[in-house]
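This briefing is meant to be read beside the sequence and the three-dimensional view. Please keep both at hand while working through the points.

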Amino acid sequence: MSGHDHGDDGVSRRKVLECMTWAGTGVLWTITGGVPRSLGIIDSAEAATAAAPGMTFLQISDSHVGFDKPANPNALGTLEEAVNKINAMPAKPSFMIHTGDITHLSKASEFDNADRIISQSKLDVHYVPGEHDFLDEEVKFYRDRYGRGTKGAGWYSFDAGGVHFVGLVNVVDLKAGGLGNLGTEQLAWLEDDLRGKSKSTPIVLFAHIPLWTVYPEWGWGTDDGGRALEFVKGFGSVTVLNGHIHQVMQKVEGNVTFHTARSTAFPQPAPGAAPSPGPMKVEDAKLRSMLGVASINFKQNEQRLAIIDTPLQG
């Protein structure tokens, strides 16, 4: 990750932006033998066909239930649209991960409403928190619902379909505009969790804030993310799934494919395209084209990975 961790000069910033791929509807990624190639912009139906069969799981992110400002006066409604889109998929996914900011203000009623809508998918859901889920004084509401069986602030791992999944927490004590942080305890746990795993095992790391440095001026990165990525260097297929920035960005570095998901609530500006990050108001007719879900497919025998980003509309 060297060369992308320092955003205090123009050259490094340009390098960061040059390494990114901006993606739209139905971008299908395949990885065969650890070598990624993009098949370009394709129709969602074609993408779904190309991705099957194999284990498919979904990523949703940044639902911000309770948000009601002009950028989207009904964030709960667009979350429900996303779940309806999931329910309309021709093949039922194995499970879903939510990469944080389930709620906007960590209120019990917001968590209740999110649960009510997301449960309509009838899928097992694996959560990690965003900073908006940790706003209540004792962080009780998130932990009571989703923290059982986890370590520390809520990190954990599980296996599915021959893939090892690791949910990480990088939003504890997050300062406004500051970078995410994993901390020494979680990093030690991660190193131990991966020890003894076969290097041919596909690894998926997921956390709220990008583990790679997207735009440090806005806190879009994780201060010690590079240390976590050191632990997965020897694995042949590594996928890192994040949220927080409310837009699709993809990058490949060596054996690691990085992907950030759209929000189901509201878009944010592209890095550096506004004075600061935050909810971005767009024309009502355009909003749903900037919200969406991601579908990820693994073919075990080929170690093949495909990520299909589908907007709510368009």
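The model described here is a predicted one. A search of the whole structure finds nine salt bridges, among them the pairs of arginine 145 with aspartate 112, aspartate 144 with lysine 140, and lysine 251 with glutamate 253. Strand β12 (residues 256–260) pairs with β10 in the parallel sense and with β11 in the antiparallel sense.

- Aspartate 144 forms a salt bridge with lysine 140, with 3.0 Å between the closest N and O atoms.
- Aspartate 144 and lysine 140 both lie in helix α5, where they are four residues apart, or about one turn of the helix.
- Aspartate 144 is partly exposed at a relative accessible area of 36%, and lysine 140 is partly exposed at 41%.

**A salt bridge with a buried lysine, and a network**

- Lysine 251 forms a salt bridge with glutamate 253, the closest N and O atoms of the two residues being 3.2 Å apart.
- Lysine 251 counts as buried because its relative accessibility is 2%, which falls under the 20% cut-off, whereas glutamate 253, at 21% relative accessibility, counts as partly exposed.
- Elsewhere, salt bridges that share partners join Asp112, Asp115 and Arg145 into one network.

**Strand β12 and its two partners**

- Five of the five residues of strand β12 (residues 256–260) are buried, so this strand is largely enclosed by the rest of the structure.
- Both faces of β12 are covered, with Val256, Phe258 and Thr260 buried on one side and Thr257 and His259 buried on the other.
- The parallel pairing of β10 with β12 runs over five bridges, and valine 238 stands opposite valine 256 in β12.
- The antiparallel pairing of strand β11 (residues 249–253) with β12 also runs over five bridges, and here valine 256 is the bridge partner of glutamate 253.
- In the hairpin of β11 and β12, which has two residues between the strands, glycine 254 takes a positive phi near 65°.

**Asparagine 242 in strand β10**

- Asparagine 242 is located in strand β10 (residues 238–242), and it counts as buried because its relative accessibility is 0%.
- A polar atom of the asparagine 242 side chain lies 3.2 Å from the backbone nitrogen of leucine 211.
- Leaving aside neighbours within four places in sequence, the residues in contact with asparagine 242 include Ala207, His208, Ile209, Pro210, Leu211 and Trp212.

How values were computed:
Residues are numbered from 1 along each chain as its sequence is written. This is a predicted model: local features need pLDDT of at least 70, side-chain atom pairs count only at pLDDT 80 or more; totals for chains, interfaces and linings use all residues. Side-chain values use heavy atoms; hydrogens and water are left out. A salt bridge is a side-chain nitrogen of Lys or Arg within 4 Å of a carboxyl oxygen of Asp or Glu. Buried means under 20% relative accessible area, exposed over 50%, partly exposed in between (1.4 Å probe, protein chains only). A polar contact is a pair of N or O atoms within 3.5 Å; within protein, one must be able to donate a hydrogen and the other to accept it, and residues adjacent in sequence count only if both atoms are side-chain atoms. Contact means heavy atoms within 4.5 Å. Two strands pair if DSSP finds at least two bridges between them.
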